[in-house]
Amino acid sequence: MEIKLLALDLDGTVLRTDNTLAPEVKDSIKQAIDGGIEVAVASGRPFSSMPKDVLAIDGISWVVASNGAAIYKNGVRAHSDTLSEADVLRVLDLTKEHDLIWEAFLEGETCTDKRYYDDPTKYGCSEAYVGYVRGSRGCCADMRGYIRRNRKNLDSIEFVSTDKALRESLWGMLERELPNVYITSSSKNFVELMNGTATKANALKRLCGLLDINIKNTAAAGNADNDADMLALAGLGAAVSNATPACLRAADKIIPSNDEGGVRELIKFLL
């Protein structure tokens with residue numbers, strides 16, 4: 001199968017655990033582009049927090065952001081799939097009894113609870129990502145109020161909790177009550193909510209339409225639950241060896257972990 005489009009997740013896939021891009025992985029992405037493969041970023045991150053060293057790679061034009069809620073071409077927003085106002089208000093109502101740490105993605109920017117901004121590690125953030133959190137987010141002491149004020153224009157919202165039982169309970173309840181909302185997770189302590197059509201798989205379909213590429217001629221790589229649908233849809237779905245169970249089940253191919261240059265090995269295989 002000839003691969004014409006490669007969609008790459010970032011955190012836990014392209015980037016190492018310390019939130020850096022390995023030089024050899026960067027070189028392999030350049031080789032893929034030089035070999036005629038369109039390489040697109042497909043991340044849960046909002047556009048404003050995409051790593052500059054990834055976006056600076058010559059030939060990367062397309063970026064899927066916020067788990068598919070937005071698509072950018074050369075830094076310009078080309079597609080939006082925001083949450084409905086009614087669903088945002090319903091989420092706030094259904095969770096009002098819980099003091100959650102909320103984040104909101106608005107037009108490519110992120111705002112987070114001041115408690116999380118001040119001490120990310122308290123809520124499960126690794127030390128390697130503390131700088132990223134503080135460098136990529138604004139903060140607000142009243143996130144529920146922020147979400148309510150911006151309810152008509154949100155790419156996505158998410159809450160952070162180290163309480164697994166609470167996360168699972170709220171996830172199940174929200175899934176039952178909000179049939180038009182897509183719920184997923186890109187990291188262990190996160191529960192992320194988007195419009196039901198704002199998925200990485202749907203974003204990959206849109207890219208194929210825009211680039212006139214058959215879905216069979218695509219490959220995708222990821223590591224988390226929010227990548228699983230994209231891997232299942234792609235002509236070749238590759239999961240890093242340390243991916244979540246759902247991501248591993250969706251994959252056609254298992255590649256080495258993000259700290260072992262898995263994306264580099266995938267690109268070698270494709271070329």
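Reader: Is Asp81 buried or exposed, at 10% relative accessibility?

Author: This is a predicted model, where local features need pLDDT of at least 70, side-chain atom pairs count only at pLDDT 80 or more, and totals for chains, interfaces and linings use all residues. Residues are numbered from 1 along each chain as its sequence is written, and side-chain values use heavy atoms, with hydrogens and water left out. Buried means under 20% relative accessible area, exposed over 50%, partly exposed in between (1.4 Å probe, protein chains only). At 10%, Asp81 counts as buried.

Reader: Which residue forms a salt bridge with Asp81?

Author: A salt bridge puts a side-chain nitrogen of Lys or Arg within 4 Å of a carboxyl oxygen of Asp or Glu. Here the closest N and O atoms are 3.7 Å apart, and the partner of Asp81 is Arg206.

Reader: How many residues apart are Asp81 and Arg206?

Author: Asp81 sits in the loop between β5 (76-80) and α3 (85-94). Arg206 sits in helix α8 (residues 200-211). Helices (H or I, at least four residues) and strands (E, at least two) are DSSP runs, numbered from the N terminus. The pair links distant parts of the chain, 125 residues apart.

Reader: What is the relative accessible area of Glu103?

Author: Glu103 meets Arg137 in a salt bridge of 2.6 Å, N to O. Arg137 is buried, at 11%. Glu103 is buried too, with a relative accessible area of 0%.

Reader: How many salt bridges does a search of the whole structure find?

Author: One of them joins the side chains of Asp113 and Arg115 at 2.8 Å, N to O. The search of the whole structure finds 15.
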